[in-house]
Amino acid sequence: MKPEYDPDGYRRDGPDFTGEPLHAKLTETWRDGPGLLGWIRSVDHKSIGRRYLVTALVFLALGGVLAALMRLQLSGAEREIIGPDRYNQIFTMHGTTMMFLFAVPVMDAMAIYLVPLMIGTRNTAFPRLNAFSYWMYLAGGLLLWIAFVLNVGPDAGWFSYVPLAGPEFSPGKRIDVWAQMVTFTEVAALAVAVSLTATILKKRAPGMTLARMPLFVWSILVVSLMVIFSMPSVATASGLLLSDRLVGTQFYNSYEFGDSLLWQHLFWFFGHPEVYIIFLPAAGFVSEIVQAFTGRRTFGYTAIVLALIATGLLAFGLWVHHMFATGLPRLGYAFYTAASMAVSIPTGIQIFCWLATIWTGRPRFMVPLLWVVGFVVTFVIGGLSGVMLASVPIDLQVHDTYFVVAHFHYVLIGGAVFPLLGAITYWFPKFTGRMMSERLGKVGFWLSFLSFHATFFPMHIMGIEGMPRRIYTYPAGMGWETLNLISSLGAVVFATSVGIFVVNMLLSLRKGERAPDNPWNASGLEWATSSPPPPYNFAHLPIVQDHTPMWNDERPVAYGLRVEDREMLISTVIEAVPDVREPSPNPTAWPLIAAAASTVLFVASMFTPWAVVIGAVPVAAALIAWFWPKDMNHEGEPVIE
Amino acid sequence: MKRAFAISAVFALGGCGGIQSAAGRDGMEGSLIGGLFEVFLWTTAAVYLFVLAYLAIALVRGRRHRREAAGLQGQPPPDADRKWRTGLIVFTGATALILAGLTIATWLTDRALAKAEQDSPVEIEVIGHQWWWEVRYDDPIPSRMVRTANELHLPVGRNARITLKSNDVIHSLWVPNLAGKQDLIPGRIADLVLHPERTGVFRAQCAEFCGLQHAKMALDVTVESEADFGRWKAAQLRPPPVPTGGGALAGYSLFQSRQCSSCHAIAGTPASGMVAPDLSHVASRRTIAAGTLPTTHANLAAWIDDPQAVKPGNNMPEVPLTEAELGAVTAYLETLK
């Protein structure tokens, strides 16, 4: 074993340098600076993950308020509470906020916080890129919501179909705001995806081979690769739209040799994978929760990993099922029907495996597992109505009706938000050092579960009964009033139950029972460190020998990382053999400055194309400063065995 | 599974589903799709029941294991997992088979829908506008072409081929009682074949978000006997009589001399604007403003008086008229049967 001082004169952790002195030294090296400046300069994945999570939950609340307003307006026929102009902004904002500012970022948030802990490392691979990503996301969200408050909120739907969203039918800045918000969030999502992919592939603890990686980490790896392949499509789409709107190109103008369907292809080539980008992390949550609360390894590890990968691949072959009513060739549709049906196979496999785990395990029915049970009961309905929608003739009837609204809320709330709430309950002690209230959690769960179905189940019938989506009012006597009223009442209770969850979080944050390191007796490495984790995550890097390191009596660790500089271990991609020790960046404000410069460029480019030229100068300056060669204390070095 | 029964009940009650309902099945396409929907509904309901049963047993079994075992972790015996692996393979195979069956059922239905497009259909052109429907009945003899708005008359038992175009943004024509929807996309031409099997009055509505008044863009659909259809068409071909006196004559003059005639056309009069609905027989239509209001004296007057109050944001400007002028124009429009 290594002595406290290496021959090269740097201090390293080791069996003789451990405990409190090591803690003090590592904390000094890895912690964020003090005060506001420290806060904005932070590159710690936990700080960034936390602020990402809080921001995403704020957007969830805002999106929820919009949903409540819509349910108020639709609670009866011919209501005149909200006019068409505001209503169209509201449903556009609801969809845009939930998809771009809540669902994807909240999964990013969980991944940023958890992945380094779950794979046993000290930070993400590109900590500054992570920080940059958060600032871009925040700027995009603020842009959208400030515009909405100023009555410049987008009003052409979260999908912004052209030509409605084009320069002729949507003059003014509303659609530009939407398109630039997309640019912001795409940059943010791509930055996180790149950072997480590199982290997962290169920063795993010694011995954590790909085949031993926690299932949540697998899901994030698949999702990050999906983001890298799908997001450029929507960034292209929104870029072309801005260019049509701002400088008079005609990409989407059918009468000038453009094509309005081009938008739909580009948008849904991103838009469909997006659904799985939201669902797969949730599937990862479920795998982790099931494993922890049944006390056995999730059955069918390999099958689940293959299912995640299969979903990730198939997700790119389905987008045309959003376009069945556009009159594309029938033979082509048949392919997309088959592909859309096929994607339910890997999802079915995962559900089979989770239930088999519960069957053969020893489940403890605590709140996170309840959310999983609620997830299965709800999500499967959404999956099966999805099978119906894959069928072209059926889709032609129910496409763009409330049947579809019901379907995707079953899939997105049942399939992603329920597991997310379970996951927040599950990892809350790790995030905060305190347990969430079990009793309040159960009340919240049952109320959410029941009111969710009361809100969204009637929408299936509304759709079959002919109620289209995106209408701000409907005439009396269509047979829709009772169903809408039930749905609106359900929504009131549902909003309350989400409120209970939030109250539970806030109360527990202040008064919750203190959490030990591993309160659930779970198996993953994130439970090997204290709750909440210290800034450096692990005093000594854990060595992994199987899938469930925390269930072994023996927990070996590796020594030899520097303690006075930020240093991380790089391991090989497949076998996670220690390879190189690499310096990790210190806190810096440059990501924030670069994000601010990019914000100026993006926002100004809604008004003049010259902003792209002139605005590029400060962005370039910020990036040069960001990447300016540091006075490196050291280069990457091979591992000393 | 009470829910599945509930939807099925809605669906099976064919014809009782209301005037704008996919459960209506008043046309051949609608019936074929309804039949396919039932196949899907019962299959998915069975799958859902299976999952629920599996979940329930898993919870009960799991709970029993929990009571039996004191320890926390540990793996079940390896051969138990082998049994489950076989189960997983069987489950996956069964899922694939069911999905293959549903895919084939889809293709068969789609083929049946694609085939039913022959034999001397009624040729209709529907053009989407923000936010109303222009409807033209084509005829080889130009003088026998009919131009109307926001209403569709179809003879029962005969195919109607509808050519779909859009004048501005994407709309979608959906007569749920008769068939699935089809988008109207600017720069493209699509068609939709309807084969109504029952007479009746139905409602269609735009199904693709098309802007501010997407919610108030509906269309009345009347399916009638071949004879009634012939009578309706003949009536549409007759220019309305020019009023000879009274308020209606004053209304006629106002219509021609004020802004009205620059957008609206009335057959047999100088009014020939093409950007707004043809009003030649507006009083014979059931509703005005694209299905927004029933055609009554009061509604017509309210609409002409302040169209922005009825349907905010629509393209009809408010034409300043005195009380008397308003009454006259309304009286004139009411003669346009």
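Me: Where is A:Ser160 placed, and what is its phi?
Reply: In this predicted model, A:Ser160 lies in the loop between H5 and H6 of chain A, and its phi is near 40°, a positive value in a residue other than glycine. Most residues other than glycine have a negative phi, and most peptide bonds are trans.

Me: Which residues are joined by a cis peptide bond in chain A, and which in chain B?
Reply: In chain A the cis bond joins A:Val162 and A:Pro163, with omega about 0°, and A:Pro163 is found in the loop between helix H5 (127-149) and helix H6 (174-202). In chain B the cis bond joins B:Gln130 and B:Trp131, with omega about -5°, and B:Trp131 is found in the loop between strand S1 (122-129) and S2.

Me: Why are H4(A) and H5(A) called roughly antiparallel?
Reply: Their axes come within 11 Å and cross at roughly 165°; angles over 145 degrees count as roughly antiparallel, and H4(A) is therefore described as roughly antiparallel to H5(A). The crossing is left-handed. Residues making the contact include A:Met93, A:Leu101 and A:Ile112 of H4(A), and A:Tyr137, A:Leu144 and A:Phe148 of H5(A), and by class the contact has seven nonpolar, four polar and no charged residues.

Me: Why do S3 and S8 of chain B count as edge strands?
Reply: The open sheet has five strands in the order S3-S2-S1-S5-S8 (chain B), with mixed pairing. Strand S3 (146-149) and strand S8 (190-194) each have a single partner strand, so one side of each is left without a neighbour in the sheet. From one strand to the next, the twist averages 25°.

Me: How do you know that S2(B) and S3(B) are paired?
Reply: Pairing requires at least two bridges between the strands, and four bridges join strand S2 (residues 132-137) of chain B to S3(B), the two running antiparallel. B:Val135 stands opposite B:Thr148 in S3(B).

Me: How many residues of chain A and chain B are in contact, and which element of chain A gives the most?
Reply: With contact taken as C-beta atoms lying within 7 Å, 77 residues of chain A are in contact with 77 residues of chain B. Among the elements of chain A giving two or more residues to this side are helix H4 (84-118), helix H11 (344-360) and helix H15 (438-464), and H11(A) gives the most, with twelve residues. By class, the side of chain A that touches chain B has 45 nonpolar, 23 polar and nine charged residues.

Me: What are the domains of chain B, and how many residues of domain 1 and domain 2 are in contact?
Reply: The domain assignment of chain B gives domain 1 (28-116), domain 2 (122-237) and domain 3 (246-334). The centres of domain 1 and domain 2 of chain B are separated by 41 Å, taken over C-alpha atoms, and five residues of domain 1 are in contact with eight residues of domain 2. On the domain 1 side, these are three nonpolar, one polar and one charged.

Technical notes:
Residues numbered from 1 in each chain as written. Chains lettered and ligands numbered in written order. Predicted model: local features only at pLDDT ≥ 70, side-chain atom pairs only at ≥ 80, totals over all residues. Contact = placed C-beta atoms within 7 Å. Nonpolar A, V, L, I, M, F, W, Y, C, P; charged D, E, K, R; others polar. Domains from an automatic or database assignment. Axes fitted to C-alpha atoms, helices over the stretch in contact; angles between N-to-C directions. Parallel < 35°, antiparallel > 145°, perpendicular 65-115°, else oblique. Left-handed = near helix turned anticlockwise from the far one by under 90°.
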